[in-house]
Amino acid sequence: MSEENRQHALDEDEETLLARHRKEKKELQAKVQSLKKAKVDKKKKKELQDEIVRLEADLESRHAEELNRLNSLKINESSCDSEQSPAEAPSTDEKQPKLSKAQRRREKKSQEDKEREEQIKAEEAQQTDSPRIREDKKIAEILAKRGLVGFTVPADGDCLYNAIKHQLTRIGVNGYETVDLRHLAADYIEDNRDQLICYMSNPESEDVMSEEEFRKYCFQVRYTKSWGGEIEIKALSSSLRCPIEVIQASGPSPVHGEDGDAGRKLVLTYHRHMYRLGEHYNSTVPMSEKKNNDENDDSGEYEQDDG
C-alpha cells in the first residue's frame, strides 16, 4: 500500500472511530436521562446513581483506550515506513505472529517510554535552562543533601501508585500491586467522605463535588488510569500507616500521615515540569544503592508489572 493510501486508510479509521464515539455518547446521555427520570424509592435511586457513574466511567475509559490504540498504530506505521525500504518490507501474504495482550501492552509501554526519552533529550539539546532542567537540578540537590537520588517510574497515569509500590518494596512491604493500592485509596476516600469532601471540588466550577461527582471520582480512582494527588496520598498514608514525604523543587516538602510509623516513611519526588502532559511522581533510593546497581550494570529503570 502506498504512503498516500495508507494514510487515507488510517484517517478513515479515525473518522469512523470518532463518529462512533459521538454516537455512543449521545446514546448514553439518552439512557442516563431515562434512568434519572425513573420514579423509584430512595434505595433504588442510589443504585441507579451508581449505575450511571459506572456507565459513564466505562465509556470514557473505553474511548480513551481505543484512541490510544489508534494513535499507537499510527506511530508504529510511521516507524515501520522510516526503518524499512520497500524491498525490506514484509510481504502482506506472510502471516505475522499474533501477539498476546500482555506483549502488546509491553510493546506499547516501551514505545511510549522511548518517545518520552527522545522528547527529554531533544529539550536538553535545545535548552540548558528550561523549567524542567531547573526543577530537576533543584530536586537533585535536595535529595543529595539527604544521601538520596531519584528513581524514575513511568508517566502512565499510575506514577503515584508505582512510586509508592517501589517505596513499599524497599522497606520490605511486599504484596501490593498498583491495582491493590488504587482499591485501598478508593476505599479510604469512600469511608471518609465527610472529612475529605471539603477538599474535593469540580475542576470546572470549583464547587464542592456533588454526590454523583464524588461517586464518579472514586470509581475512576479504583478502576481507571486517573492520576493520583494529595487526596490519594493522604488516603494511602493513612491506610498503610506509612508517613509519605513528597519532595518538590520549591516550597516545603509535606509529610502526609505523620502519625504513622516513622520507620516506614516513604519518600517521593513531585515534578511539575517533567513532561508536557503535567505533574509526575517519582520514587527515590539511597545513593549507595544506586552506586551498587551501576557497578552491577543494572540500568536502574523501573519495570512495571503486567496488569
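Predicted model: local features only at pLDDT ≥ 70, side-chain atom pairs only at ≥ 80, totals over all residues.
Trainee: Thanks! Why are H5 and H6 called roughly perpendicular to each other?

Mentor: The axes of H5 (residues 159-170) and H6 (residues 178-191) cross at roughly 105°. That angle falls in the range of 65 to 115 degrees, so H5 and H6 are roughly perpendicular. Their axes come within 9 Å.

Trainee: Which residues make the contact of H5 and H6?

Mentor: H5 brings Tyr-161, Asn-162, Ile-164, Lys-165 and Leu-168, while H6 brings Thr-178, Leu-181, Arg-182 and Ala-185. Sorted by class, the contact has 5 nonpolar, 2 polar and 2 charged residues.

Trainee: On to helix H2 (residues 42-83), where His-63 sits. Why does His-63 count as buried?

Mentor: Buried means under 20% relative accessible area. His-63 has 5% relative accessibility, so it counts as buried.

Trainee: What makes the pairing of the His-63 and Glu-24 side chains a polar contact?

Mentor: The cut-off for a pair of N or O atoms is within 3.5 Å, and the two side chains meet at 2.8 Å. Leaving out residues up to four places away in sequence, His-63 touches His-21, Glu-24 and Lys-25.

Trainee: And where is Val-208 found?

Mentor: Val-208 lies in the loop between helix H7 (193-196) and helix H8 (211-223). Beyond its neighbours within four places in sequence, Val-208 contacts Ile-197, Met-200, Ser-201 and Glu-213.

Trainee: How far apart are Val-208 and Ile-197?

Mentor: In sequence, 11 residues; in space, 7.0 Å from C-alpha to C-alpha.

Note on methods. Residues numbered from 1 in each chain as written. Heavy atoms only, no water. Axes fitted to C-alpha atoms, helices over the stretch in contact; angles between N-to-C directions. Helix = DSSP H or I, 4+ residues; strand = E, 2+ residues; numbered from the N terminus. Parallel < 35°, antiparallel > 145°, perpendicular 65-115°, else oblique. Contact = heavy atoms within 4.5 Å. Nonpolar A, V, L, I, M, F, W, Y, C, P; charged D, E, K, R; others polar. Buried < 20%, exposed > 50% of the residue type's maximum accessible area, 1.4 Å probe, protein only. Polar contact = N/O pair within 3.5 Å; in protein donor to acceptor, adjacent residues only side chain to side chain.
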